[in-house]
Structure formats: C-alpha cells, structure tokens
Amino acid sequence: MEQMIDSGVLAAENEKRAPALEQDYNTLGEKLARRGISIDDVTSKVAAYGVAVPSWGAGTGGTRFARFPGAGEPRHIFDKLEDCAVIHQLTRATPTVSLHIPWDKVDDLSELRQRGEALGLGFDAMNSNTFQDQEGQEQSYKYGSLSHTDAATRQQAIDHNIECIEIGKALGSKALTVWIGDGSNFPGQSHFTRQFERYLEAMKSIYAALPDDWRIFSEHKIFEPAFYSTVVQDWGTNYLIAKELGPKAFCLVDLGHHAPNVNIEMIVARLIQFGKLGGFHFNDSKYGDDDLDTGSIDPFRLFLVFNELVDAEGATDFNPAHMLDQSHNVTDPIESLMRSAIEVRRAYAQALLVDRAALTGYQDDNDAMMASETLKDAFRTDVGPILAMARRQAGGAIDPIAAYRASGYRQKVADERPAVTGAGGGIV
C-alpha cells in the first residue's frame, strides 16, 4: 500500500511520544479496571471504528461571501484521494471516502477504484448534486429539482441520481445519499402538498433503481437555500419519506441541519427505535448549518449521540453509516478532518465507558441526579490514551497533527499543485 507520509518521519514522531503514552495508558487502565472495564477491550472496539471522509472536505470551504483557498488545494479527485490517504495513514480511522457527483466525476472509473485501493481506501456512500446547475445542463434547478413543477427538470434530477448509483456500483459503494435544496423563499410560492407529492414520486423512481444490497439515505435540513420552507425540513418528514419508499430507505442525520436547541440525540433514539436510522454527517454548529469541525463547539452533544448508538449496539441489522461533512474556511482541511475523526472516536470511546446497568437502575428509580452523573462520569474520562494507543497499534500516529506538520506534506503539495484564486463565494 502506498504511503503518503514517510514512514521514517512517522516512526520518529511516535518514538518521542511512546514512553509517555505507555505510562498514561497504564494509569488509565488501572482506573478503568476499578470500574470493571478492560481498557484493551475498549481500545479494540475503538480501533475497529471508522468514519468516512468527504472528498469535498479536502478543499477549503467558504461562505456566501468569499472563499480563501489554502496552499496545495486539490485539483481533482485523485489529489483529494491522496489527501484522504494522509488522514487515514495518520489516524487509522478513515478507511473510506464519500464522493460527490459531478464534482468527482471521472472518465475511467476503474482507474479511480484502483487508485483508491493502492492508497488503502474504499468508497462510501455516493452523494448526488441537484442543488446547483452544472455547465451544459439543460434544465435549471433554480426553482427545485426532484420536486420541481416541470416534469423534465424532475426527470433530469432522477437521471442524475441513477447515474450516481451506476458510478457507485463500479466503485464498490453500497449507498446513495440524496440531499436537495428544494423549497420556497416566499409564502405562497409553492403548494406544500403538491410539492411533496412530486418529490415522493421522483424518489420512488430512484429507489426502484437501487441494487438489492444498497441503501438510500434521505437527508433533512431546516433551511438554506430555501429560507421560507424546505421540502425535507425535519426528521419527521424524513421518517415519512423512508417509510413511504420502503425497507432500503433510511434517514440521514446531519448534526448541523436542525434548529438551535433541538434534541438531536432524542431524534437519533427515535429513528433507532423504529428502524430508520441510516447514518450521520458529523460536524458542529454554533448558529446554523455552520459545518464546523466535529466536537469543536458541543462535544457533550456528540457524546450523547454516541450514547444512544452504543446503547443500540448488537441490535439486528443495526449498521449506521458514519461520515464527516465539514467546511474548512480558516484551517488546513487535512488537520481539521484528522481532528474530527479523532473527536468522533473520542465520543464513541466515552460512550463505551457508560455503566449501562447502573444507568438503567437510576432511570427505573427516577434518580435524575445519579443518572446524569453516570453519563458525566463517562464523558469526563480522558480517553486520549485509548485513542492514541489504537492509532499506534494500527500503524498510525500517536499525535496525528504533529506528525503531519513534521512531514512537510502541505508544503510538498503546494509546490506541486497550482495556486487557486479565491474569486467567488460558496462552499467547494
């Protein structure tokens, strides 16, 4: 397998940190043993957990007002794969990449699949794009796509999603994620019911094209770019879609796609309970759909989401897809994606430490204080040594960001890839 970061640099960085890690790991192990928890068992589970990285996350993001490209911006999907390979080599937590079509479209799919395999990467869910017009596109999505009043525009969007399925089949993907920006910006602009009926009819055509072993994820979002109403605006509508389409249809939860103060972990629990949780787009937010680094604003909420996921582990056919979905406006995208992969694993490790028998007892006894303390005990535990040991044992970096900076990778690709101008706005 091709390594993007020199193994000598990685070994030297790990050697400097190994003695302290061993000491910290043993100390934490003793502490957990007093609670009846095997640190090695937790480390093994963490090591087996992976989250997909978004291909578009390898580039610098932006806002509606501006974008400020960084050095060494990836020019195409092959550059993106190399950057994603760096993330996985150092974190050992991101074995798959999620593609966005047509942004990542290529002429030779076998070449793309082979390049991924050479870098040790597989391909996660495919993502369609009917929220912006592409060069040469016959019909415009300005007023919608799958729910558009014009049948030809809806068919164009349907055909694009089916094309994404065909591309995914060639790459080894097993899922399609559908997010649309359809909605309205003024009261009276759209008839809510007829618009939703058109969307369901279009989605049924896409669903019919799914292979037997595929899943389709519908993604809800409260606003943007439609600011008065959105066709798939919340988890309730999303659940109705999944139920209406059939057993291969599931709901995707993006942590930034909800109104402030919405209880996302309860939404997760509801979707798990009724068998329609498809997966996640992990990120964080302060004001809206900010697409900030995962865990950078509210790590406790991320932990509470994973508390529900761990609670459901072992259930029949429970296999949610996990993916990052972020926009990196002022940081090195590789560093942000590495940090986010680490934070997702951190929340998972903390959730594994919850004393579930004790928690159930406190819940049954209506002991609110001790139930809360049981969760906080797990959340307050510094699982950093577990995460670092899982990476080290898998051949990754004890400190991924430090190893990345020591490698000089960003400067190397900056010398090889042409500089990009920052004209225009919008997320990459």
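**Exercise 1. Describe the stretch 107-291: how much helix and strand does the chain have there, and how far apart are the end C-alpha atoms?**

Over residues 107-291 the chain is 37% helix and 16% strand, with the end C-alpha atoms 30 Å apart. Helices (H or I, at least four residues) and strands (E, at least two) are DSSP runs, numbered from the N terminus. As for the label, UniProt lists residues 107-291 as "domain: Xylose isomerase-like TIM barrel" in an unreviewed entry. UniProt positions are in the numbering used here, feature names are shortened, and annotations may be inferred rather than shown by experiment.

A word on the ground rules: this is a predicted model, where local features need pLDDT of at least 70, side-chain atom pairs count only at pLDDT 80 or more, and totals for chains, interfaces and linings use all residues. Residues are numbered from 1 along each chain as its sequence is written, and side-chain values use heavy atoms, leaving out hydrogens and water.

**Exercise 2. Work out how helix 10 and helix 14 are oriented to each other.**

Step 1: get the geometry. The axes of helix 10 (residues 333-352) and helix 14 (residues 400-407) come within 10 Å and cross at roughly 160°. Axes here are lines fitted to C-alpha atoms, for helices over the stretch in contact, and angles run from 0 to 180 degrees between N-to-C directions.

Step 2: classify. Angles under 35 degrees count as roughly parallel, over 145 as roughly antiparallel, 65 to 115 as roughly perpendicular and the rest as oblique. Helix 10 and helix 14 are therefore roughly antiparallel.

Step 3: list the contact (heavy atoms within 4.5 Å). Helix 10 brings Ile 334, Glu 335, Met 338, Arg 339 and Ile 342, while helix 14 brings Pro 400, Ile 401, Tyr 404 and Arg 405.

**Exercise 3. In what order do the strands of the 7-strand open sheet run?**

Step 1: the order is 3-5-6-8-10-11-12, and the pairing is parallel. Two strands pair if DSSP finds at least two bridges between them.

Step 2: find the edges. Strand 3 (100-101) and strand 12 (321-324) each have a single partner strand, so one side of each is left without a neighbour in the sheet.

Step 3: zoom in on one pair. Strand 10 (residues 249-254) and strand 11 (residues 277-282) pair in the parallel sense over 4 bridges, and Leu 252 stands opposite Gly 279 in strand 11. Helix 8 (residues 264-273) packs on the sheet, touching strand 10 and strand 11, and its direction makes about 155° with that of strand 11.
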